[in-house]
Amino acid sequence: MPLRTRAFATPRTVGATGSTTRSRQVAGAIAVLGAALSLTAAAARAQTPPQPMSRTLAAHPRVKEATALLDKWLDAQRAYQRIP
């Protein structure tokens, strides 16, 4: 008497190995999607040249504002403490 699978709502029977046609199709689809995703990611990395972190970080607007604020604060501290 064949066993019934509970992985899917359809009343498919399971063979001796426990694999069905549907599960093979799902596994194949997942493998194809994984391969496509890795190829897409590799192509995206190849198209954009890596930039040094210092350039990208220094160009960020919030970092520019923070460094300007720090510079003004240091100038005020030097003036207050009369440090040349």
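The mean pLDDT of the chain, where pLDDT is the predictor's confidence in each residue from 0 to 100, is 75, and 65% of the residues reach 70 or more. This is a predicted model, in which local features need a pLDDT of at least 70 and side-chain atom pairs count only at pLDDT 80 or more, while totals for chains, interfaces and linings use all residues. Residues are numbered from 1 along each chain as its sequence is written, and side-chain values use heavy atoms, with hydrogens and water left out.

**Overall architecture**

- The chain holds 3 helices and 2 strands, where helices (H or I, at least four residues) and strands (E, at least two) are DSSP runs numbered from the N terminus.
- Read from the N terminus, the order of these elements is β-β-α-α-α.
- Confidence is lowest in strand 2 (residues 13-14), with a mean of 53, and highest in helix 3, with a mean of 93.

**Surface and burial**

- Of the 84 residues in the chain, 2% are buried, with buried meaning under 20% relative accessible area, exposed over 50%, and partly exposed in between (1.4 Å probe, protein chains only).
- The chain exposes about 7900 Å², of which carbon and sulfur atoms supply 63%; accessible areas come from the Shrake-Rupley method with a 1.4 Å probe, and for residues only the protein chains shown count as cover.

- The 20 residues of helix 3 should span 28 Å at 1.5 Å a residue, and the end C-alpha atoms are 29 Å apart, which agrees; the expected span is 1.5 Å times one less than the number of residues.
- Leu70, Trp73 and Leu74 form a nonpolar surface patch with about 300 Å² of accessible area together, a patch being made of residues with over 30% relative accessible area and no salt bridge, with like charges joined within 9 Å and nonpolar side chains (Val, Leu, Ile, Met, Phe, Trp, Tyr) within 5 Å.
- Leu74 belongs to helix 3 (residues 61-80) and is partly exposed, its relative accessible area being 34%.

**The salt bridge**

- A search of the whole structure finds 1 salt bridge, defined as a side-chain nitrogen of Lys or Arg within 4 Å of a carboxyl oxygen of Asp or Glu.
- Asp75 forms a salt bridge with Arg78, with the closest N and O atoms 3.6 Å apart, and because the two are 3 residues apart in helix 3, about one helical turn separates them.
- Asp75 is partly exposed at 40% relative accessibility, and Arg78 is likewise partly exposed, at 39%.

**After helix 3**

- Arg82 lies in the segment after helix 3 and has a positive phi of about 55°, whereas most residues other than glycine have a negative phi.
- Arg82 counts as exposed, with 76% relative accessibility.
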